[in-house]
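This report describes selected features of one structural model, moving from local backbone geometry to strand pairing and the ligand surroundings. The sequence and structure are shown first.

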Amino acid sequence: MSAPSLTSFSAYPIVQAPMAGGAANPRLATAVAAAGGLGFLAAGYKTPEAMYEEIRQLRDQSTHPFGVNLFMPQPRATDPSAVAVYAEQLAGEEAWYGTPLGDPEAGADDAYDAKVAILLEDPVPMVSFTFGCPSQKVLEAFRKAGTYTVVTATSVPEALAAQWAGADAVCVQGVEAGGHQGTHRDDPQLDNAGTGLLALLPQVREQVGLPLIAAGGLMRGGQIAAVLAAGADAAQLGTAFLVCPESGADPLHKRALTDPVFTRTELTRAFSGRPARTLVNRFVREHGPYAPPGYPQVHHLTAPLRKAAAAGGDPQGMALWAGQGHRLAREVSAGRLMELLIEELHAAREAGA
Ligand SMILES: Cc1cc2nc3c(=O)[nH]c(=O)nc-3n(C[C@H](O)[C@H](O)[C@H](O)COP(=O)(O)O)c2cc1C
């Protein structure tokens, strides 16, 4: 059975990024799809049951195609003692927020096998993967189930690995992107080696024959026109949709994206042990410089701190995931945002024609 084309999933080549942690939800995906985009659910950090419940809710609300995103299981932390040292360094935060740190060993596979089993049992139109490349066997099983597969890549070798394994498409993620970099392996030797989207995309285009979804820093339709011109088949936007009323992101997080107090973003391991782009706040400034590689152990460790900071109304202790374009975020409904993006895309294409 041959896979459908990427562009057949939505009227416009605009994908709402899967955003784990609560931002992506059935309401946002429904609104995006109703306006002609492709909506995504994020299964990361959720139990398999919670993932399936969201799929059920989305199916109740919308008849449009949608995607579900999975985190790949992670190898053991190279140096567990570094995570223990980090826990000691966070003692002041424990005291400040009045909550113990989380259990770093609360699970490293994100229930990947159970989620894959559910998605094969009751297939969805699209599944995307981040933090690694699934086996040929898993990708083949999804193909047989009629599910279109997308693997996130942050470099040419990762995109080639996705093609070799049998993915239907690649999500090319530039270093500008908000949230975690989807690198297949967290290698501290490669810190600061991330490539910007407009530099990376044509390199992948020239070596990989698959359809490409471009992600990272895209906030306006003109940028979408630019990545389409540079070889992408669609554009994936996270931060732009994060501020929409339908997004489940914490209101403090939404507000921070355009708050002039936050002047820049940074890739940091401070919250999760894997490089992720956030607004630079007190927590990132204080702990980012020595936070060790150790995902998801560090994620589990800091989870209660982040929760307590949010509950206490303190954005300086929250993970404020944001792409480099965060200043351009528009607080409008997802439907209105889609309209604006489409108008800008058309205008850019006419100007270029
Ligand atoms: C809050 C947030 C959560 C994210 N969670 C996921 C996720 O669960 N899975 C994934 O593949 N990408 C995730 N991403 C990355 C997006 O897929 C995408 O690469 C990124 O948002 C693009 O950059 P932008 O935010 O500048 O648009 C997340 C991004 C943000 C901002």
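Phe131 is located in the loop that connects strand 4 to helix 6 (136–145). The model is a predicted one. Although Phe131 is not a glycine, its phi is positive, at about 70°. Phe131 is also buried, because 22 other C-beta atoms lie within 10 Å and the cut-off for a buried residue is 20 or more.

Asp110 is a further non-glycine residue with a positive phi, in this case near 50°. The loop between helix 4 (91–97) and helix 5 (112–121) holds Asp110. Asp110 is buried, with 22 other C-beta atoms within 10 Å.

The backbone also contains a cis peptide bond between Tyr295 and Pro296, with omega at about 5°. Pro296 belongs to the loop between helix 12 (282–287) and helix 13 (297–311).

Strand 3 (residues 66–71) is mostly covered, six of its six residues being buried. In a regular strand, side chains alternate between the two faces of the sheet. On one side of strand 3 are Phe66, Val68 and Leu70, on the other Gly67, Asn69 and Phe71, and all are buried. Strand 2 (residues 39–42), helix 2 (residues 48–61) and strand 3 together make a right-handed β-α-β unit.

| Strand pair | Sense | Bridges | A bridged residue pair |
|---|---|---|---|
| Strand 2 and strand 3 | parallel | four bridges | Gly39 and Phe66 |
| Strand 3 and strand 4 (residues 126–130) | parallel | five bridges | Val68 and Val127 |
| Strand 10 and strand 11 (residues 276–279) | antiparallel | four bridges | Thr268 and Ala276 |

An open sheet of three strands has the order 7-11-10, with antiparallel pairing. Strand 7 (179–180) and strand 10 (265–268) are the edge strands, each with a single partner, so one side of each has no neighbour in the sheet.

**Surroundings of the ligand**

Which residues come nearest to the ligand? Of the 30 residues around the ligand, these are Ala20, Gly178, Gly179, Gly238 and Gly323. Helix 10 provides the largest share, three residues. By class, the shell comprises 13 nonpolar residues, 16 polar residues and one charged residue.

Conventions
Residues are numbered from 1 along each chain as its sequence is written. This is a predicted model: local features need pLDDT of at least 70, side-chain atom pairs count only at pLDDT 80 or more; totals for chains, interfaces and linings use all residues. A residue is near a molecule or strand if its C-beta atom, placed from the backbone, lies within 6 Å of it. Helices (H or I, at least four residues) and strands (E, at least two) are DSSP runs, numbered from the N terminus. Ala, Val, Leu, Ile, Met, Phe, Trp, Tyr, Cys and Pro count as nonpolar, Asp, Glu, Lys and Arg as charged, and the others, Gly among them, as polar. Two strands pair if DSSP finds at least two bridges between them. A residue is buried if 20 or more other C-beta atoms lie within 10 Å of its own, exposed if 12 or fewer, and partly exposed in between; C-beta atoms are placed from the backbone. A crossover is right-handed if, with the strands pointing away from the viewer, the path from the first strand over the helix to the second runs clockwise.
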